[in-house]
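Here are some short notes to read beside the model.

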Amino acid sequence: MKEMKNLEITVNGKEYTLPIIEGEVLSDLLRERLRLTGTKIGCNESECGSCTVVIDGDPVLSCSYPAVKAHGKKITTIEGLAKNVGNNGNTYTVLHPLQDAFIEYGAVQCGFCIPGQIMTSYALLEKNSTPEVKDIQYALKDTLCRCAGYPSIIGAVQAASESIVTGKPVHPPIVPTSRISKRMVGQVSHRPDAIAKVTGQAIYSDDIQFEGMLHARVKRAMIPAGILKELDVSEALALSGVKAVLTAKDVLNAKTHGLFIKDWPVLIDIGEPIRYVGDALALVAADTREIASQALKLITFKFDPLPVVSSAVQAHDPETRKIHDTGNLLKHIQVNKGSVSEGFNDADVILEHTYYTNPNDHAFIEPECSIARLTDENKLEIFVGSQIPYSDREQVAAVLGLPEHQVRIIGQLIGGGFGGKEDIAGQIHAALLTMKTKKPVKLLFDRQESLIVHPKRHATQIDIKVGAKKDGQLTAVRTELHGDTGAYASLGEKVMTRATTHASGPYEVPHVDIDCYAMYTNNPPAGAFRGFGVMQSAFAVESMMDTLAERLQLDPIELRRKNALHVGSVTNTGQELRDSVGLLECIEKVEKALHEKAGPFPFKPVQDPEDPNTVRAWGFAVAYKNTGLGGGAPDKAGAEIELLPDGKFEVRSASAELGQGLPTVLQLIVAEELGQDTDHVQILLSDTDLTPDGGPTTASRQTYVTGNAVKFASRAMRDLLTSELAERYDISPEKIEFKEGLAQIDRQEIQLSTISQNLRKDGLIPKVAYTYWAPETKPLGQGGDMHVAFSFAAQAALVEVNTITGEVTVPEVIVANDVGFAINPLGLKGQVEGGIVMGIGHALVEDFVLEEGMVITDRLAKYRIPSIYYTPEITSFIVEHPSADGPYGAKGIGEICLIPTIPAITNAIYNAIGVRVDRLPVDQEKIVIELQQQKQLA
Amino acid sequence: MTIWKDYQLAYSLPEAVEAYHQAQQPVRFVSGGTDLLLEIQQGSHPSMQTLIDLNHIDEMRELSVIEDRIFIGAAVPVSQITHSAIIKEHAIAVSEATGLIGGPQVRNSATLGGNVAHSLPAADGMISLVAMNATAITYSPAGYIKKNILELFIGPGKSALANGEILVGFEFPIRRSGEGSAFDRVMRPQGVALPILNLAIWLRRKGPVISDIRIAFGPSGPIPTRAMQVEDVFRGNELNEETIARAKTTILESVKFRTSRMRATAEYRYHLAQALLEKVVKIAWLRAGEKE
């Protein structure tokens with residue numbers, strides 16, 4: 001046996017001799033010891049592939065690879081792909097063709113999984129320089145991307161392959177652009193953070209380290225219901241290396257947090273109820289994460305169990321135990337239009353059915369991470385990837401009893417959000433520990449904690465009754481929804497309100513009556529998740545529309561066209577739609593493409609001539625989704641622009657970038673308005689000390705509100721510069737123009753940097769701020785405009801059903817989205833592809849399983865999300881019906897793209913085999929059972 | 001809590017065994033460690049004082065034809081087995097099965113030895129080796145021992161390997177005229193990525209009849225077995241609709257499947273077993289015909 005003294009490895013061509021650390025895995029060696037933080041940890045359980053590095057030519061998962069095992073081997077990480085060329089201070093970086101291609105193809109969104117994607121692809125191309133699509137899918141099967149840029153990733157790998165083989169630069173993709181594009185907006189533009197994200201230089205919260213930083217962990221109840229009787233932290237506190245253990249006794253100011261309704265306890269106190277498994281009982285800060293984890297095991301507690309309330313319907317039963325003092329009803333939400341009894345009297349046919357949707361987890365690949373520290377000026381700083389930085393500040397300050405200006409939230413890059421990073425996760429806990437220890441404290445969730453703790457998508461039961469005339473004209477819709485909002489309110493009321501108002505579909509229905517009950521249960525809280533309640537009700541409504549079409553023997557597309565909202569329609573909440581209703585054009589675009597692909601009868605089942613057990617059919621669905629908060633909530637965003645001394649414009653807003661592409665949108669707008677190219681515009685987001693409040697990044701609202709704020713701020717900047725220059729050069733303002741780095745004054749050109757410096761010399765900082773207020777909306781129940789705009793979409797999905805095994809795949813999707821105006825077509829492409837794949841995931845793959853309040857799917861290995869194998873061929877149309885107040889007519893896209901996918905798939909399954917899926921996700925075993933029953937009946 | 005404290009690299013079998021007996025307890029051999037390390041990390045397996053890595057033992061990394069037998073070292077990464085021309089020619093069921101273990105990156109670390117020693121009743125690689133009637137070779141201070149692969153298991157997750165006994169590799173005869181194999185499985189998109197059902201078949205054709213056949217289903221029972229009675233239906237018979245129908249009935253009568261919560265009912269497994277049997281036996285038959 002050779003005694004190993006040191007570990008000798010080569011990383012990115014550099015040789016290292018390092019002492020051996022007990023139990024160290026390779027990812028820790030790379031990230032902690034060599035500070036190569038491009039290698040990411042998404043799950044730490046060999047599921048997600050983010051930690052992929054290449055060892056002696058093979059891609060391996062560094063999170064479960066003992067560092068010692070790498071002794072004598074050559075390791076390549078994402079930091080080793082780009083080459084520095086040149087010398088004597090004249091060096092520049094040459095990206096690997098894969099890195100170029102990932103940027104060109106828009107395969108980079110949140111960016112967190114990208115190092116893993118690129119390294120896995122790199123190993124593939126080293127072995128096979130001309131892979132086919134199936135080879136790419138085989139290689140990348142377990143390298144998960146939740147933004148689901150899979151189509152773009154496949155395109156990028158192919159383009160990189162071509163570039164490597166031919167030696168030519170990467171061939172750019174064909175991206176559908178805006179029909180009405182301008183000089184900058186509507187054009188393809190690369191993300192400003194793309195190079196950092198493909199080279200591993202992009203910094204996410206967990207990549208940050210501070211001198212003397214402690215590591216925190218949270219003791220969770222792990223029981224769904226009970227009264228906390230005793231809590232003993234003494235042994236944990238006595239453990240060597242533990243620096244602090246906090247309990248509810250240490251929470252001295254606000255004891256709860258929450259986005260609107262503050263009912264979520266920071267820590268559960270003795271005598272107080274435990275309402276879900278993720279409730280926090282104690283906080284530990286220690287020198288290392290291992291010690292903190294060990295300390296958790298030494299904390300003991302006793303509780304009196306309480307009966308578990310495990311569903312919304314059960315919670316609604318008056319006999320059921322009350323979870324909160326206020327009862328189990330968070331909110332009863334109602335929509336009424338006309339008189340449904342009259343509507344059903346008018347109907348020739350009435351259909352009724354009950355649909356069920358399951359909870360889903362966002363499964364962003366970057367787990368939640370917060371780092372708190374105190375500055376020398378005693379200011380509390382929190383580094384966190386958050387969707388609502390100003391709300392974090394307000395909630396942290398309230399719990400700590402600090403004035404808000406003493407708390408600074410410094411937003412970091414976010415490795416996916418999808419609504420799951422709106423609530424407080426570790427921000428407050430890390431802050432409490434920092435205040436106690438006066439040391440920087442990092443609180444990183446592991447995947448299990450992420451799955452258990454943060455709010456999920458609402459599980460719903462939807463009873464829906466639809467009445468129509470023989471010709472298909474809808475006469476009435478009556479719906480009753482029960483939404484499981486879990487232990488705490490989070491955004492439950494808002495989400496279920498959206499579910500309610502969208503519960504009669506994007507149709508003009510004269511008589512509507514909807515009741516929705518958002519109920520507390522002992523399940524993990526439910527809150528914001530892309531689609532925000534509308535996904536659930538659209539599944540019910542669109543399933544009913546197909547059932548109705550079949551009953552009336554009408555074409556399902558024709559039925560939708562007949563009832564579709566159009567300009568002049570009045571929605572179920574009494575809002576007259578005055579503009580920007582592109583639904584009919586979306587339907588037409590998809591219908592035409594569908595008939596071109598599938599002939600005149602796309603909804604008829606087709607048996608595979610080679611394999612009679614494979615049946616294919618298309619399905620169709622439409623959807624709409626509000627843009628902006630609406631419902632009377634003041635919806636505003638602030639933005640600031642400064643002309644920096646180097647001649648670049650800097651835009652500042654505390655709006656969040658989750659990967660959706662907001663920085664590109666803002667860059668394009670400023671460039672458009674100020675005559676610049678995007679290189680002259682830089683973006684600073686999400687810092688509560690440096691950037692004005694952009695409001696929450698939710699409700700598909702940022703392009704609209706912050707986009708507008710930036711547009712108007714840009715105009716104010718132009719006015720400011722124009723008037724200053726007009727005065728200085730004594731020239732009329734009309735003769736002043738701006739273009740790429742310059743101001744053109746009559747025939748003279750002056751560098752913007754010179755202008756900025758001159759103004760500063762005179763004591764004037766060329767900076768403007770603008771707060772944009774979206775048009776006023778009305779609360780639900782008052783009629784009028786409940787929302788500033790709606791996005792619309794139509795989708796057709798092809799399914800392939802194996803009638804023996806019940807397995808379902810989705811090989812093709814056709815989609816049209818009315819986005820008002822496509823400001824950032826490359827980002828739009830990513831959103832649309834990602835939305836569709838997430839929709840496929842919700843329909844076929846994802847099942848967040850709870851049993852009596854316990855989370856069964858508490859690992860990524862159990863809560864599976866779509867891999868690259870689920871990538872369909874996508875035909876996408878951009879429809880642009882400008883909205884009056886949106887920037888250049890734009891409205892939201894982030895959510896609409898997901899919503900129709902799910903019913904389009906389940907409708908296609910019905911068309912293929914006659915099995916109506918009324919419970920998500922699709923269960924292949926149930927399909928087999930129903931097919932067997934059909935056979936017996938026949 | 002660390003997953004292990006002392007991680008030793010062994011370079012020969014005697015060295016590994018000696019290290020095992022001298023090591024601070026608890027001690028385990030490890031090759032890929034892709035399952036073991038996760039289980040320790042997630043608390044479903046106690047953490048280890050010592051891990052003895054077998055990846056540097058040359059004979060355990062060997063994949064070769066030795067006279068009329070194929071040898072696969074227990075520490076050969078499964079990705080190498082999947083893509084090996086030798087395995088594709090002689091035991092394509094093993095290539096197909098190993099190509100589905102875990103994910104692509106995991107397969108570069110994971111080994112066939114680990115897949116078998118873990119003793120899970122539906123391990124893809126293991127099921128394919130059962131159909132190949134592989135012989136397992138183990139090493140202990142007493143020397144090498146050969147036994148049938150089915151003798152390696154005593155219960156779910158429990159192997160019959162003694163303390164300090166190393167699984168060195170597997171061997172089975174080279175493919176002869178008229179022989180073929182195949183593997184397939186059915187997954188569920190939700191939940192843990194384990195097959196609902198997998199099936200490996202090896203058979204030999206003689207003219208119009210199946211002269212010999214081996215069939216292994218997983219998961220069926222606490223330890224892997226062969227579907228002997230189903231094999232009997234095929235043996236000596238032509239592959240036709242009638243034989244297949246009788247074989248399907250025999251599955252219902254003789255093979256044990258159970259319901260696993262949230263994954264599959266026993267009924268669904270019986271249904272799939274019949275469908276898979278028909279599909280896989282036909283593929284194996286065709287492949288056997290290609291080498292006549």
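1. This is a predicted model. Start at A:V819. Leaving aside residues up to four places away in sequence, A:V819 is in contact with A:S791, A:L828, A:I878, A:E880, A:A890, A:K891 and A:I893.

2. A:V819 sits in a loop of chain A, between β35 (808-818) and α21 (825-845). Is A:V819 buried or exposed? A:V819 counts as buried because 34 C-beta neighbours fall inside 10 Å, and the cut-off for buried is 20 or more.

3. Now the sheet in chain B. It is open, with 4 antiparallel strands in the order β11-β12-β13-β14. β11 (179-186) and β14 (237-238) of chain B are the edge strands, each pairing on one side only. Between β11(B) and β12 (residues 197-206) of chain B there are 8 bridges. B:F183 has B:A200 of β12(B) as its bridge partner.

4. Which helix packs on this sheet, touching β11, β12 and β13 (209-218) of chain B? Helix α8 (residues 124-131) of chain B does, at about 20 degrees to β12(B). α11(B) also lies across β11, β12 and β13 of chain B, at about 35 degrees to β12(B).

5. Last, the contact between the chains. Chain B gives 38 residues and chain A gives 40 residues. On the chain B side, β1 (4-9), α1 (13-22), α2 (36-41), α6 (104-109) and α11 (266-290) each give two or more residues. That side of chain B has 21 nonpolar, 13 polar and 4 charged residues.

How values were computed. Residues are numbered from 1 along each chain as its sequence is written. Chains are lettered from A and ligands numbered from 1 in the order in which they are written. This is a predicted model: local features need pLDDT of at least 70, side-chain atom pairs count only at pLDDT 80 or more; totals for chains, interfaces and linings use all residues. Two residues are in contact if their C-beta atoms, placed from the backbone, lie within 7 Å. Ala, Val, Leu, Ile, Met, Phe, Trp, Tyr, Cys and Pro count as nonpolar, Asp, Glu, Lys and Arg as charged, and the others, Gly among them, as polar. Two strands pair if DSSP finds at least two bridges between them. Axes are lines fitted to C-alpha atoms, for helices over the stretch in contact, and angles run from 0 to 180 degrees between N-to-C directions. A residue is buried if 20 or more other C-beta atoms lie within 10 Å of its own, exposed if 12 or fewer, and partly exposed in between; C-beta atoms are placed from the backbone.
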